[in-house]
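Hi there,

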Amino acid sequence: MNFSEVTPPASSPLSVPPLLALAVRPLPLLPLEAVLSIVLLRVCREHPRIFDRLGVHAGKRFGIKPTDLPFAFLLAPAPPRPRLSVVRNLPNDLDARISSPLAGLFGLVEGRLDGDALLFSRDLVVEGDVEAVLALRNAIDDAQVDPMAEIAGMFGPLAEPLKRALQVARTVVSSSNPSHKGI
């Protein structure tokens, strides 16, 4: 399936500060992919039924593009071993593509932001198999995944301090841009 290059506006209030996006551009993707793969396996272990809700869509491939960062994610949730890859560019042979600033994607996963509101504000673009994307969204909502807790949980006794540090970082980024209300 060929996707148009429809992306949310670059000046979204949810966008990562441009200097931060520029700073991460030269970083290698393999360490990020390794960490995210561990997080995905941890989510699957803690929420073993997360992908049951996908039903016929479990074998689909989802491209997730944070529009404010120089990389994207390729999610293949097929049991028994879901896979998450980090890539510079998404391939065209995906079943669905989801594009939003990183804060929008995190807000959706955490349940803090409403997907419909993000769609109407054009901060979220969904292309391809919309039914599969809705099934993915429902699976994540049902599991009540907390990505900050999952990432922090990898660090054992440092989990709580790291979680607080991530929450402080979110607050700092939000307060640096007055339009980041509630993020």
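Two strands count as paired here if DSSP finds at least two bridges between them. By that rule β2 and β3 pair in the antiparallel sense, over five bridges. Please keep in mind that this is a predicted model.

Let me start with these two strands. A hairpin of six residues joins β2 to β3. Two of the partners across the pair can be named: Leu-75 has Leu-84 of β3 as its bridge partner, and Leu-74 stands opposite Ser-85 in β3.

Where does the pair sit in the sheet? The sheet is open and has five strands, in the order β3-β2-β1-β4-β5, with mixed pairing. Its edge strands are β3 and β5 (residues 125-128), each of which pairs on one side only. From one strand to the next, the twist averages 20°.

Does the length of α2 agree with what its residue count predicts, or disagree? Helix α2 covers residues 30-46, and at 1.5 Å a residue its 17 residues should span 24 Å; the end C-alpha atoms are 24 Å apart, so the two agree.

Which residues of α2 are buried? They are Glu-33, Leu-36, Val-39, Leu-40, Arg-42, Val-43 and Cys-44.

Last, the aromatic rings. With ring centres required to lie within 6.5 Å, the count comes to one aromatic pair. The partners are Phe-71 and Phe-73, whose ring centres are 5.7 Å apart. Their planes meet at 75°, and since over 60 degrees counts as edge-to-face, that is the class of this pair. Are the two residues buried or exposed? The cut-off for buried is under 20% relative accessible area. Phe-71 has 9%, so Phe-71 is buried, and Phe-73, at 13%, counts as buried too.

Happy browsing, and write back with any questions.

Best wishes

How values were computed:
Residues are numbered from 1 along each chain as its sequence is written. This is a predicted model: local features need pLDDT of at least 70, side-chain atom pairs count only at pLDDT 80 or more; totals for chains, interfaces and linings use all residues. Side-chain values use heavy atoms; hydrogens and water are left out. Helices (H or I, at least four residues) and strands (E, at least two) are DSSP runs, numbered from the N terminus. The expected span of a helix is 1.5 Å times one less than its number of residues. Buried means under 20% relative accessible area, exposed over 50%, partly exposed in between (1.4 Å probe, protein chains only). Rings of Phe, Tyr and Trp (its six-membered ring) pair if their centres lie within 6.5 Å; planes under 30 degrees apart count as stacked, over 60 as edge-to-face and the rest as tilted. Axes are lines fitted to C-alpha atoms, for helices over the stretch in contact, and angles run from 0 to 180 degrees between N-to-C directions.
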